[in-house]
Amino acid sequence: MRRSIVLLAVAIAVPFAQGSPDIIATWTQMGARGNLIARAIVTRSSCPNITLDEHTQQMGVRALPTPSAFPVMSCETGIPGGTSSASIEGQPLALPNPNPTQFVVWGDTGCRMATGNPFQACNDPHAWPVAAIAHTAAFTFPDLIIHMGDFHYREIPCPPDNAGCAGSPFGFGWDVWNADFFTPAQALLNAAPWIFIRGNHEACDRAWDGWFRFLDPYPYQTGCQTFTNPYSVTAGGLQLIIFDSSASNDTAAPANLVAAYGPQFDMVRAMASPNAWLLHHHPLRGINQSNFGANVSLQVSSGTLPAGIRMVLSGHIHEFQELNFLPQSQPQLIVGNGGDTLHPVPTVPIVGFQFPADGETVSSGRAFSRFGFTNMYLVDDGSGLAHDGVWHFVPRNVAGEIETVCTLQPGAILCE
């Protein structure tokens, strides 16, 4: 493949519209019922107006404020198919391309302030480059943005003698959600519709409240739901199946998880088309910093995935990995290098690594540990096949420079 196909200019200046000061964030995302949803976060006492094809109405309330932890209101409105323009009080909203050809994928973006880990320098844009990555990614002009989960990491106070994170908010409330995601991601929020995937940092023992208030694709319910059902998003001729793995276990397969995830993988098998990707935060198979093959609870629960699922896309491990397997299973792509403290690449040989839970062996693969994001491009090959082209995966660094070029082939991801 010629690199010229995937090179993009990233230095073109594109203004980002500024809305009302009491509208903190606006975006569109794909819902769990195949619908498009407009959402907004506001500091006012009522939801803003949304204009859909010159028809203006007030947005509905998704989640009311709670004065202590969440002094903001979450609002939402469904956008009907065929809508040609949408805006929230002058702020344009991104609408889907019916035949998308370029995605942005990133994940694990929050700044790490957690027990048992070195504190990340959240105040240093080089040590925590999420805002720069969002800005660079926006200038690749995606049709769809996929976040692989783990938005929130600032769980405990910054030590008093640590200048790198001094003054940072902490805990599980709005101030951390704003600092870890909504403020640094501002340049990317309205670049294209989003798919948000729930990570383990949004599980019921962590930042679940903000997840369900702001990002969960289902109608809002108070209280935490440990498991939510998989759902499907159509992106042109591609089916994206989103699976909530937030409660899964990397190192064990307790009976309660197998009992919960087994039926959900049956749902995946039932909904999978001949051209599908399976997306969840925890890799089905990946080699983490302890040289362990995650995720045991998913490996035991998943069984054999249908042939129509062409690959598994995940985050969780804080690096870029692509892995192919024998006996031949769906290849695994991991994009978890979006800003949180990077993991060292595996010290064991990747090729030949055997996963103890299911016996799969890595036949080829690679890993690198540098901050960035991944572009995905659908390139027409003129073959007339059902997938109408070949997907190329292009991991980039913070500045947008290409790390490598990968191609999704039947049963494998091949990288230069």
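Buried here means under 20% relative accessible area, with exposed over 50% and partly exposed in between, using a 1.4 Å probe and protein chains only. Helices (H or I, at least four residues) and strands (E, at least two) are DSSP runs, numbered from the N terminus.

Quick caveats: this is a predicted model, local features need pLDDT of at least 70, side-chain atom pairs count only at pLDDT 80 or more, and totals for chains, interfaces and linings use all residues. Residues are numbered from 1 along each chain as its sequence is written, and side-chain values use heavy atoms, leaving out hydrogens and water.

Back to H5. Its buried residues are Leu257, Ala260, Tyr261, Gly262, Gln264, Phe265 and Val268. Remember, an α-helix has 3.6 residues a turn, so residues three or four places apart point the same way.

Next, glutamate 322, in strand E18 (residues 320–326). Buried or exposed, this glutamate 322? It counts as buried, because its relative accessibility is 4%. Beyond its neighbours within four places in sequence, glutamate 322 is in contact (heavy atoms within 4.5 Å) with residues including Arg366, Gln332 and Cys415.

Leucine 326 and proline 327 are joined by a cis peptide bond, omega about -10°, and proline 327 is in the loop between E18 and strand E19 (332–335). Glutamate 89 has a positive phi of about 45° without being a glycine. Phenylalanine 141, also not glycine, has phi near 55°. Most residues other than glycine have a negative phi, and most peptide bonds are trans.
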